[in-house]
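Please open the structure in a viewer and keep the sequence at hand.

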Amino acid sequence: QVQLVESGGGLVQVGGSLRLSCAASGLTFSSYAMGWFRQAPGKERESVAAISRSGRHTYDADSVKGRVTISRDNAKNTVYLQMHSLKPEDTAVYYCAADPSGSDYYTREYDYVYWGQGTQVTVSS
């Protein structure tokens, strides 16, 4: 009964900030790298950011580099995505996912075995 539950999405103005949270249960959280993905209408799902099991290593996609910070609190079984300087092209459903593979590659969707239901982020001008 693994569950990943995203929260924090909503409507934000261009240039604004938002923090997404993903609470995990039913798994040994520290054994999984965690990733954030997003999917906009008419587009394929893409990797946004990822963080290693320990939290010492992170990856940010070029599309969001410099504008997002991924972090995790293993004591709370929670991973976060802090976003700022938001753009209309950031509008998407954002998904949290868990990866047990131990891979050094972070953008391969097939490495992520558990997924949340997603939270909508809408950036308006």
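What is the order of the strands in the open sheet of 4 strands? The order is β1-β3-β8-β7, and the pairing is antiparallel. Please bear in mind throughout that the model is predicted.

**First stop: the sheet**

Select β1, which spans 3–7, together with β7. These strands stand at the edges, and each has a single partner strand, so one side of each is left without a neighbour in the sheet. From one strand to the next, the twist averages 15°. Strands of a sheet pair through backbone hydrogen bonds, either parallel or antiparallel.

Next, select β3 and β8. These two strands pair in the antiparallel sense over 6 bridges. For one example, select Ser21: the bridge partner of Ser21 in β8 is Tyr80.

**Second stop: the disulfide**

Which residue does the disulfide join to Cys22? The partner is Cys96, with 2.1 Å from S to S. The structure holds 1 disulfide. Cys22 belongs to strand β3 and Cys96 to strand β9, so that the pair links distant parts of the chain, 74 residues apart. The torsion about the S-S bond of Cys22 and Cys96 is about -75°, so the disulfide is left-handed.

Are these cysteines buried or exposed? Cys22 counts as buried because its relative accessibility is 0%. Cys96 also counts as buried, because its relative accessibility is 0%.

Select Leu20, Met34, Trp36, Val79, Leu81, Met83 and Tyr94. Of the 29 residues in the largest nonpolar core, these touch the most other members. Several elements give two or more residues to this core, including β4 (33–39), β5 (46–51) and β11 (119–124). In soluble globular proteins, nonpolar side chains tend to be buried together.

Then select Phe37, Ala50, Ala97 and Tyr112. They are among the 5 residues of another core, which lies apart from the largest one.

For one of them, select Tyr32 and Tyr114. Their ring centres are 6.1 Å apart and their planes are at 55°, so the pair is tilted. Tyr32 lies in the loop between β3 and β4, and Tyr114 lies in strand β10 (residues 114–115), so this pair ties together parts that are 82 residues apart in sequence. Tyr32 counts as buried, because its relative accessibility is 13%. Tyr114, by contrast, counts as partly exposed, because its relative accessibility is 31%.

Return now to Phe37 and Tyr112. Their rings form an edge-to-face pair, with 4.9 Å from centre to centre and 80° between the planes. Phe37 lies in strand β4 and Tyr112 in the loop between β9 and β10, so the pair ties together parts that are 75 residues apart in sequence. Both Phe37 and Tyr112 are buried.

**Last stop: charges over rings**

Over which ring does the charged end of Arg45 sit? Select Tyr95: the charged end of Arg45 sits over its ring, 5.5 Å from the ring centre. Finally, select Arg72 and Phe29. The charged end of Arg72 sits over the ring of Phe29, 4.4 Å from its centre.

Notes. Residues numbered from 1 in each chain as written. Predicted model: local features only at pLDDT ≥ 70, side-chain atom pairs only at ≥ 80, totals over all residues. Heavy atoms only, no water. Core = buried A, V, L, I, M, F, W, Y, C linked by side-chain atoms within 4.5 Å. Buried < 20%, exposed > 50% of the residue type's maximum accessible area, 1.4 Å probe, protein only. Disulfide = S-S within 2.5 Å. Phe/Tyr/Trp six-rings, centres within 6.5 Å; stacked < 30°, edge-to-face > 60°. Lys NZ or Arg CZ within 6 Å of the ring centre and 35° of its normal. Pairing = 2+ DSSP bridges. Axes fitted to C-alpha atoms, helices over the stretch in contact; angles between N-to-C directions.
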